[in-house]
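Subject: structure handover

Hi,

Here's the structure I said I'd pass on.

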Amino acid sequence: MLGCIWQYVYTSFLRYWLKWLIRQATGTCELQRICSGYNPGATRTSKAEYSLQSSKNKVLRGALGASKDDLEKCVDQIMKEKNIKPEKDPQFRGRLHICLLQITGYSSLFSSVEDLRKEVFSSECPQHEAMLLKLWGLLMPSVELESRITKQWGDIGFQGDDPKTDFRGMGLLGLTNLLFFSETYPEEARQVLSHANHPKLGYSYAIVGINLTEMAFSLLRSGALKPHFYNSVQSAPELRDFHLLYCYLAYEFDRFWVAEEPESIMLFNQYRERFHSIVKTRLQDPAVSLTLAPH
């Protein structure tokens with residue numbers, strides 16, 4: 001209770017006056033101090049984001065919802081509002097612009113990922129079918145698929161004769177991630193598949209992959225992935241960056257599973273949550289960058 005009261009008092013009254021006093025002493029506003037006092041990455045961008053969110057100035061708060069094309073104009077407006085002279089702080093414009101690209105880009109990325117998740121896999125769509133067949137070809141290059149509806153799909157971890165039913169929860173996002181991993185890291189993807197087909201430690205490769213897509217999506221939605229993207233993408237993060245994050249999860253979960261040697265696939269949910277906790281802990285590191293680095 002006392003913590004909530006203090007937070008209210010600080011954000012509503014004390015923070016404004018503290019900022020004013022520091023500006024009088026240093027001659028710089030809070031955004032200037034953030035952009036010059038921290039290296040590019042999560043710490044700088046997160047602090048800039050909080051500063052903009054907490055501002056009583058509509059121009060500053062409005063920058064958080066600006067489109068990518070309007071960001072340069074937003075930076076100029078902020079500099080005007082804060083009376084920041086380019087000749088006195090020549091690097092401020094570029095630094096703040098990158099912060100805004102990352103902040104607004106994260107929101108745009110979530111919208112793009114959500115749209116892909118909502119897109120239903122359709123066997124009537126040639127593009128969807130081509131993606132599915134390409135996934136088989138990349139994972140099983142030496143084995144010909146007998147037919148579109150076949151038990152062979154179980155060899156790469158689908159539950160039934162027709163994989164389309166497995167994409168219901170994550171839509172086309174689940175298939176896109178599986179395919180991206182196989183296209184971008186073919187050797188690693190086939191290595192993970194071989195582990196998944198182990199007679200004792202095996203698991204359903206595709207089903208687990210779709211489950212990890214849900215994990216990545218929930219982390220993105222909660223904002224937990226901001227430190228990762230703010231550190232690893234010095235611009236607006238795009239769909240490819242999300243797919244690369246999935247590749248990291250798919251590869252690292254397999255390493256975790258093999259190292260743990262679960263007694264049964266029935267314990268999957270338990271181990272999945274443990275892995276989820278590990279990832280969330282890593283994301284609390286200000287310097288975090290979850291990049292696949294094959295061992």
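Below is what I found, going from the whole chain down to single residues.

First, the ground rules: this is a predicted model, where local features need pLDDT of at least 70, side-chain atom pairs count only at pLDDT 80 or more, and totals for chains, interfaces and linings use all residues. Residues are numbered from 1 along each chain as its sequence is written, and side-chain values use heavy atoms, with hydrogens and water left out.

**Whole chain**

You'll see 13 helices and zero strands (DSSP runs numbered from the N terminus: H or I of at least four residues for helices, E of at least two for strands). The C-alpha trace spans about 75 × 40 × 35 Å along its principal axes. Of the 295 residues, 45% are buried, meaning under 20% relative accessible area with a 1.4 Å probe and protein chains only (exposed is over 50%, partly exposed in between). Take the contacts (heavy atoms within 4.5 Å) between residues at least 6 apart in sequence: 65% of them join residues at least 24 apart.

**Cores**

A nonpolar core here is a set of buried Ala, Val, Leu, Ile, Met, Phe, Trp, Tyr and Cys residues joined through side-chain atoms within 4.5 Å. The largest one has 63 residues, and Ile156, Phe158, Leu178, Phe181 and Tyr205 touch the most other members. Helices H6 (92-118), H7 (126-139), H8 (171-184), H9 (186-196), H10 (205-222), H12 (239-260) and H13 (268-282) each give two or more residues to this core. H12 gives the most, with eleven. There is also a second, separate core of 20 residues, which includes Leu31, Cys35, Val75 and Ile78.

**Asn177**

Asn177 is in helix H8. It counts as buried because its relative accessibility is 0%. Leaving aside neighbours within four places in sequence, Asn177 is in contact with Thr213, Phe242, His243 and Tyr246.

**H12**

How far apart are the end C-alpha atoms of H12? They are 31 Å apart, which agrees with the 32 Å that its 22 residues should span at 1.5 Å a residue (the expected span is 1.5 Å times one less than the number of residues). Just after H12, Glu261 takes a positive phi of about 50°.

Cheers
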